[in-house]
Amino acid sequence: MHAPLFARFRAAAVLSLAALLLAACASSPRNFTAGLDPVSSPEWATDMARFAAQDAATPPPERPVVFTGSSSVRFWDTLATDFPDVPVLNRGFGGSQVRDSVWYADEIALRYRPRQIVLYAGDNDTADGRSAQQVLADTQVFVRRIHAELPGTQIALLGIKPSPLRANLLDVQREANDALRAWAATQRNVAYIDVFTPMLDANGVPREALFIEDRLHMNAAGYALWREIIGPYLVR
């Protein structure tokens with residue numbers, strides 16, 4: 001091989017290798033979890049093992065719409081029947097906060113190569129004293145983590161729901177929701193879904209009739225309302 005031709009070949013090979021390394025770095029979890037607070041609980045490893053066991057027992061649908069986040073998703077037992085025309089997959093883990101979905105993005109979402117991800121998180125964050133800006137910042141990291149590996153994936157962000165038990169947090173929940181809505185409006189392939197406003201009564205108080213006895217988790221009426229709100233946003 002002539003020296004000039006070999007030099008060009010070597011340069012092209014080096015550039016290709018560099019591109020591969022950059023791509024690997026961009027999708028590395030460590031690139032996104034650097035500076036992120038640790039997981040909120042060590043118990044999530046048990047949930048990840050549960051998901052793996054479910055996948056082994058019943059293979060998940062191809063390119064599903066993944067619902068993930070905290071207990072409002074975890075307890076949505078009628079998810080599949082509520083959206084019979086959509087290949088949904090429930091990967092909620094109760095008690096989780098937004099950053100937990102970043103740390104476990106591979107286990108709860110990326111491995112399924114989803115057509116869409118519906119995230120409900122922030123409820124436990126604000127209850128734990130985290131600010132609206134922290135909820136937004138962690139959500140932004142989650143979206144970047146997903147889009148780095150799966151560009152163009154549709155992500156729907158559910159607003160924090162107002163519950164009677166956490167009525168004292170309505171102001172910070174509203175602030176977080178407003179921040180999520182405003183940011184989502186500037187992003188491609190990111191939608192904000194308002195479940196907050198429809199769950200308030202005419203006096204701006206959380207509707208007790210949508211919740212079970214603990215006044216935090218929703219009953220069938222609450223999930224029926226979510227079904228109607230979320231349905232039009234799902235990718236079929």
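Two strands are taken to pair if DSSP finds at least two bridges between them; helices (H or I, at least four residues) and strands (E, at least two) are DSSP runs, numbered from the N terminus. The model is predicted: local features need pLDDT of at least 70, side-chain atom pairs count only at pLDDT 80 or more, and totals for chains, interfaces and linings use all residues. Residues are numbered from 1 along each chain as its sequence is written, and side-chain values use heavy atoms, with hydrogens and water left out.

**View 1. Strand β3 and its two partner strands.**
Strand β3 comprises residues 116-120. On one side, β3 pairs with strand β1 (residues 65-69) in the parallel sense over five bridges, and Gly-69 stands opposite Tyr-120. Strand β4 (residues 154-158) also runs parallel to β3 and is joined to it by five bridges; here Val-118 stands opposite Ala-156. Five of the five residues of β3 are buried (under 20% relative accessible area; exposed is over 50% and partly exposed in between, with a 1.4 Å probe and protein chains only). In a regular strand the side chains alternate between the two faces of the sheet. In β3, Gln-116, Val-118 and Tyr-120 point one way, while Ile-117 and Leu-119 point the other way.

**View 2. Helix α3 and its buried face.**
Helix α3 covers residues 44-57, and its 14 residues should span 20 Å at 1.5 Å a residue, which agrees with the 20 Å between its end C-alpha atoms. The expected span is 1.5 Å times one less than the number of residues. The buried residues of α3 are Trp-44, Asp-47, Met-48, Phe-51 and Asp-55. Seen down the axis of α3, these buried residues fall within an arc of 100 degrees, so they line one face of the helix; the arc is that of the directions from the helix axis to the C-beta atoms. Thr-46, Ala-56 and Ala-57 are exposed on the face turned away from the buried side of α3. The buried residues of α3 pack against β2 (88-92), α6 (98-103) and α7.

**View 3. The salt bridge between Asp-55 and Arg-91.**
A salt bridge is a side-chain nitrogen of Lys or Arg within 4 Å of a carboxyl oxygen of Asp or Glu. Asp-55 forms such a bridge with Arg-91, the closest N and O atoms being 2.7 Å apart. This pair links distant parts of the chain, with Asp-55 in helix α3 and Arg-91 in strand β2, 36 residues apart. Both Asp-55 and Arg-91 are buried.

Tyr-112 is placed in the loop between α7 (105-108) and β3. Tyr-112 counts as buried because its relative accessibility is 7%. Contact means heavy atoms within 4.5 Å. Not counting residues up to four places away in sequence, Tyr-112 touches Phe-51, Asp-55, Pro-60, Arg-63, Pro-64, Val-66, Leu-89, Arg-91 and Glu-107. Tyr-112 and Leu-89 are 23 residues apart in sequence and 9.3 Å apart in space, C-alpha to C-alpha.

**View 4. Ser-101 in helix α6.**
Ser-101 lies in helix α6 and counts as buried, at 0% relative accessibility. Leaving aside neighbours within four places in sequence, Ser-101 is in contact with Gly-69, Phe-93, Ile-108, Leu-119 and Phe-142.

**View 5. The largest nonpolar core and Trp-226.**
A nonpolar core is a set of buried Ala, Val, Leu, Ile, Met, Phe, Trp, Tyr and Cys residues joined through side-chain atoms within 4.5 Å. The largest core has 61 residues, of which Phe-67, Trp-76, Phe-83, Ile-146, Trp-226, Ile-230 and Leu-234 touch the most other members. Helix α9 (residues 132-149) supplies the largest share of this core, seven residues. Not counting residues up to four places away in sequence, Trp-226 touches Ser-72, Trp-76, Tyr-120, Leu-158, Lys-161, Val-195, Met-199, Met-218 and Gly-231.

**View 6. Further salt bridges.**
The whole structure holds 16 salt bridges. In one of them, Arg-130 and Asp-37 have their closest N and O atoms 2.9 Å apart. This pair links distant parts of the chain: Arg-130 is in the loop between α8 (123-127) and α9, and Asp-37 is in the loop between α2 (29-33) and α3, 93 residues apart. Arg-130 counts as buried at 12% relative accessibility, whereas Asp-37 counts as partly exposed at 32%.
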